[in-house]
Each structure stands twice: as C-alpha cells, then as structure tokens.
Amino acid sequence: MNTYRIAAVPGDGIGVEVIAAGVEVLEALARRSGSFALDFKHFDWNSDNFVKHGHYIPDGGLEELKTFDSIFFGAVGALNVPDHVSLWGLRLPICQGFDQYANVRPARVLPGVKSPLHNGQDIDWVVIRENSEGEYSGNGGRVHRGLPEEVATEVSVFTRVGVERIHRFAFELARTRPRKQLTLVTKSNAQRHGMVLWDEVFHEVAKDFPDVRIDKELVDAVTTRMVLKPGTLDVIVATNLHADILSDLAAALSGSLGIAPTANLNPGKQFPSMFEPIHGSAFDITGKGVANPIATFWTAAMMLEHLGEVQAARQLMSAIEAVTEAGVHTPDLGGTATTRQVTDAVLDLLNR
Ligand code: IPM
Ligand code: MG
C-alpha cells in the first residue's frame, strides 16, 4: 500500500476551515480506496505566529517540507501584516524555493452552479500561469525613501529557460485535452523585450506540437473573449501577473471564487508540489463556518491526480459535482449551506 506524506499548511483566515474539511474528505477517500493511505502533518505557519515570533517559516522548515509528497495549503494574509510581507514570508518561498513553476488553474461551471454569463456552460478552460518569474520575480528596489525624488522599480524577469519550460508544460497539457487548443496570452505590442521573448519561444516550442492548435491574444483582448466567446478558448498560457488576473476572472465567470482550485506544480517532481484554493483568507467570513470548501475539495482532487491516485481523484470530482448539482451551496453561490453541510454531503457520498 502506498502511503503519501502530506504537509497540511492551513495558514490564515478561512484557510483553517477549508483545509480541515479537505483533510476529512481526503481521509475518507483513502479509507474507501483500501489501496493508499495519507499521513498528514499539520504546520501552524501563519500570520499569528509571524506576529509573535517574527517568522512564518521557522529555521529548517523548508528543508522539512521538502521531505513530503505534497503540500496542502489554505491561505495566507491577515489584516495586521502587510500583504507583501505575508506573501513573501510564506507562499512565495515555497513556490519559488521548490521550483513550482507551473501553476494550473482549471475553470468550469460545475453542475447546479450559475455563471453570470448566459453561455457560461461553454467555459471549460485551464489557465496555465508561469509561477516562478515574470512580474513576481521580486527584482527591484527603492531608493531615496520618503523624499520627493523617491524611485521604485519592479523589474519583470523573463528567462529563456523559464519561458520555454512553461510553454512546453502548457503544450503537453493542451495535448491531453479533447480540443487540443492553446492560446498564447501576451502584451508584446507594448512590452517589447520580455514579452517578445515570451512569444518567440512559444512559437519555437509549438514546432514540437503539430497536433496542438495555437492562437495568440493580447491580455486585454482575451478578457473580452473570455466574456463574449467563452467556448473559443481551451488552454491559456500567460505570465505570472496576467494569469493571476485572468484566473480571478475565470473563477468569477464560473460562478464563484469559492470553487476555484489551483496546483503549484514542480513537474519534474524534484520537490513537492503545492495545492491550494485560489480564494485567499477572506476575513469577512472567517470563523462563521460558511466558507465554501469546494475549491479545496477540487484542489484535493488535483493533488490526488498528481500523486497518481487517478481513480480517487475521479471519485472526489463526481462527489463534488453531485453535491453542487443537488444545490447544497454556501452563500457565495447564493445558498445557505454551511461548510459543515457541504462537507457532510460530500462525505456521505464517499462513504456509501
Ligand atoms: C493568487 C493570489 C496571490 C497571487 C496573492 C495572494 C498574492 O491572488 O494565488 O492568485 O497574486 O499570486
Ligand atoms: Mg490571484
């Protein structure tokens, strides 16, 4: 029997509530399968502990995390810590330190969920986000602080290696989907260095994938296409910041940010990959028991798939879809169900 060691890092806000729900569901799946087991270890790396001790990740923490098969992550961000401090204190050191360069964000309108689009049923996308460089490289600085002549730079970094590997990943993924279509998102009309390299390398990599249909869209224009002609898109590859924005749009068009999952993958499996809901800490509903656990369950399904437990991943996706279809919806989806009720509905199906 395979035993996978999972590092659970609930983090802040509703991260704590949804990861607890996710762990319950994953444990039920493992019991049901009889063929694999999950060994969870919980890490209390969060903003409260940062305020008390001055760090999110203790000494040796990343080294320990490396020994796990996967990381199951909730959210980071708190009202009393500046966002750039919490992000660079916890999430980015893991993404960048573990070379999780491929961020995968599927978007689809689940059964029973209402899209704000009249043709929302046509949404079936995967947004591939470059996750290691670009606008999030952390390269830049501030000088003459506080003076009128203060200067700050935020330098986007595009490397041939970084660009090539994300495009290759996107092509490989597009190839596995029925429509085999990949849209390059760019802004090479205005940004004439990094974005031009981004486009050139895309077309070089495309030569190795003659079976994948390609097209190209400027990032501003692709937003209109997502809204007006959702059925014309399949897999989308975009830079770190562009895909950050497009994936929120994709989530909203799919019915709610509360259902959108994400995987931060180290495709070579040299380091563990990290799986998290997109939604973040959500202070407004923290502690109320109404956070939508569906994003975390979908994320858990992506984690199982990455671990090779494809059958369990499918079982979980079917249970999720049966529950959304039956109308067991939290308030973000217009319902009145609690986190507990949605979790119980999924568990009930898995325990049958
Ligand atoms: C996301 C989030 C993060 C990001 C925030 C929390 C910094 O919006 O995962 O999409 O921009 O990467
Ligand atoms: Mg985002």
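**Cavities, pockets and the ligand site**

The residues lining the second largest cavity divide into two nonpolar, three polar and two charged, where Ala, Val, Leu, Ile, Met, Phe, Trp, Tyr, Cys and Pro count as nonpolar, Asp, Glu, Lys and Arg as charged, and the others, Gly among them, as polar. This is a predicted model, in which local features need pLDDT of at least 70 and side-chain atom pairs count only at pLDDT 80 or more, while totals for chains, interfaces and linings use all residues. Residues are numbered from 1 along each chain as its sequence is written, chains are lettered from A and ligands numbered from 1 in the order in which they are written, and side-chain values use heavy atoms, with hydrogens and water left out.

Rolling a probe the size of a water molecule over the atoms shows where empty space is left. On a 1 Å grid over the protein atoms alone, a cavity is a set of points where a 1.4 Å probe fits but cannot get out, whereas a pocket is an open set with protein on both sides within 12 Å along at least five of seven lines; lining residues have an atom within 4 Å of a point. Grid points are joined across faces, edges and corners, and a volume is the space filled by probe spheres set on the points.

The second largest cavity holds about 40 Å³ of space. Its lining is made up of Arg91, Leu92, Gln96, Arg129, Asn131, Tyr136 and Asn240. Helix α4 (residues 83-97) gives the most to this lining, with three residues; helices (H or I, at least four residues) and strands (E, at least two) are DSSP runs, numbered from the N terminus.

In total, the structure holds two cavities of 30 Å³ or more. The largest cavity contains about 70 Å³ of space. Of its 13 lining residues, Pro106, Ala107, Ala250, Ala251 and Ala260 are the closest to the centre. Two or more residues of this lining come from each of β4 (102-108) and α8 (240-253), and β4 gives the most, with four. By class, nine of the lining residues are nonpolar, two polar and two charged.

Turning to the open spaces, the largest pocket holds about 780 Å³. Its lining has 24 residues, with Pro106, Val126, Arg177, Met302 and Glu305 nearest the centre. These 24 divide into 15 nonpolar, two polar and seven charged residues.

Ligand 1 takes up the space of the second largest pocket, a placement that requires more than half of its atoms to lie within 2 Å of the grid points. Around ligand 1 stand Leu87, Arg91, Arg105, Arg129, Tyr136 and Asp244, each with a heavy atom within 4 Å of the ligand. This shell has two nonpolar, no polar and four charged residues. Taken alone, ligand 1 exposes 320 Å², of which the protein buries 70%; accessible areas come from the Shrake-Rupley method with a 1.4 Å probe, and for residues only the protein chains shown count as cover.
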